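Hi everyone, thanks for making time.

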Amino acid sequence: MIWPHKDLISIDDLSKSDIENVFDLATSFKEVSTRDIKKIPPLRGKTIVLLFYEASTRTKLSFEIAAKRLSADTVGLSASGSSFEKGETLLDAAKNIMAMAPDCIILRYPYAGAPRLLGQMLPCTVINAGDGFHEHPTQALLDMYSMKEHFGSLKGLNVTIVGDIMHSRVARSNVYGLKKFGAHITLVAPKTLLPTGVEQWGVNISTDLDAVLPKTDVVMMLRIQKERMKQRFFSGEREYSCFYGLNKKRVEKMKKDAIIMHPGPINRGVEINADATESARSIILDQVENGLAIRMALLYLFLGGGKRVD
Ligand code: CP
């Protein structure tokens with residue numbers, strides 16, 4: 001297979017058939033993680049730099065484990081403890097890292113556009129691991145894969161994304177990705193947490209979670225991103241939870257076969273409580289497991305398995 005891409009910055013960089021190829025490969029890589037020796041050789045000799053200027057548990061660890069399962073060498077750098085603390089710019093850091101000849105830089109950055117800039121400046125592959133409010137394409141891929149694994153198809157699926165849409169790169173990437181596959185998307189949030197221009201996204205918008213829940217197949221809860229809020233967007237967490245939190249009463253309103261998702265990390269008791277996270281409908285840990293397989297597939301395609309046509 002010819003893999004035509006150098007970088008992954010936005011889910012819109014990938015066509016529907018590219019995404020289907022990622023999904024097929026992820027399915028075959030899931031088996032590797034069940035082996036006694038969880039390692040295969042395709043990326044032997046490749047060097048991957050994990051450059052995380054924002055906190056991460058799932059994305060950083062799963063990229064690192066994915067790379068190691070494919071026999072690549074990894075090295076991680078975060079803002080804290082790096083020369084970022086001495087005022088070095090991202091671009092200067094990246095040029096210096098490039099002098100050490102990595103094959104791939106995986107970048108998480110607090111502001112939109114940084115991965116695109118690095119991708120344009122550097123000859124190695126750049127993968128966006130989340131840039132500000134903009135995009136988190138690998139999260140959307142693992143979310144879409146998890147929905148497809150559960151329901152068999154994304155076409156016609158009613159997906160409801162609930163919460164802090166304004167600050168959510170996960171919501172943006174999922175909307176762009178799910179639309180390619182014909183899913184019906186509804187965003188539910190207080191008006192203050194909807195971004196400007198959301199009417200142009202081609203999705204349904206509601207402020208009433210209780211009205212939407214009984215019609216949805218997938219309910220994806222989003223974290224309230226307090227660290228990005230410079231003002232108050234709602235009067236308090238208790239009130240937010242009352243109108244937009246997923247709890248036992250609301251889980252009981254869901255369709256019999258509907259599922260609960262959350263990209264993590266969770267604010268327990270705010271957007272979701274234990275009755276929902278621990279319910280049989282929750283596929284939150286399947287998302288994490290699938291994230292590893294999706295990232296193995298991506299690293300394989302970007303660094304080894306597909307010959308790029310430049
Ligand atoms: N879903 C997600 O991006 O989690 P982390 O911030 O822990 O990587």
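So, the shell around the ligand: by class that's one nonpolar, six polar and two charged residues. Here Ala, Val, Leu, Ile, Met, Phe, Trp, Tyr, Cys and Pro count as nonpolar, Asp, Glu, Lys and Arg as charged, and the others, Gly among them, as polar. Keep in mind this is a predicted model, where local features need pLDDT of at least 70, side-chain atom pairs count only at pLDDT 80 or more, and totals for chains, interfaces and linings use all residues. Numbering runs from 1 along each chain as its sequence is written, and side-chain values use heavy atoms, with hydrogens and water left out.

Who's in the shell? Ser-56, Thr-57, Arg-58, Thr-59, Arg-108, His-136, Gln-139, Pro-263 and Gly-264, each with a heavy atom within 4 Å of the ligand.

Now the polar contacts, meaning pairs of N or O atoms within 3.5 Å. Arg-58 puts a polar side-chain atom 2.9 Å from a ligand oxygen. On the backbone side, a polar atom of Pro-263 is 2.8 Å from a ligand nitrogen, and for Gly-264 a backbone polar atom is 3.2 Å from a ligand nitrogen.

Okay, domains. The assignment, automatic or from a database, gives domain 1 (11-135 + 288-305) and domain 2 (137-283). Their centres, over C-alpha atoms, are 25 Å apart.

Conventions: Polar contact = N/O pair within 3.5 Å; in protein donor to acceptor, adjacent residues only side chain to side chain.
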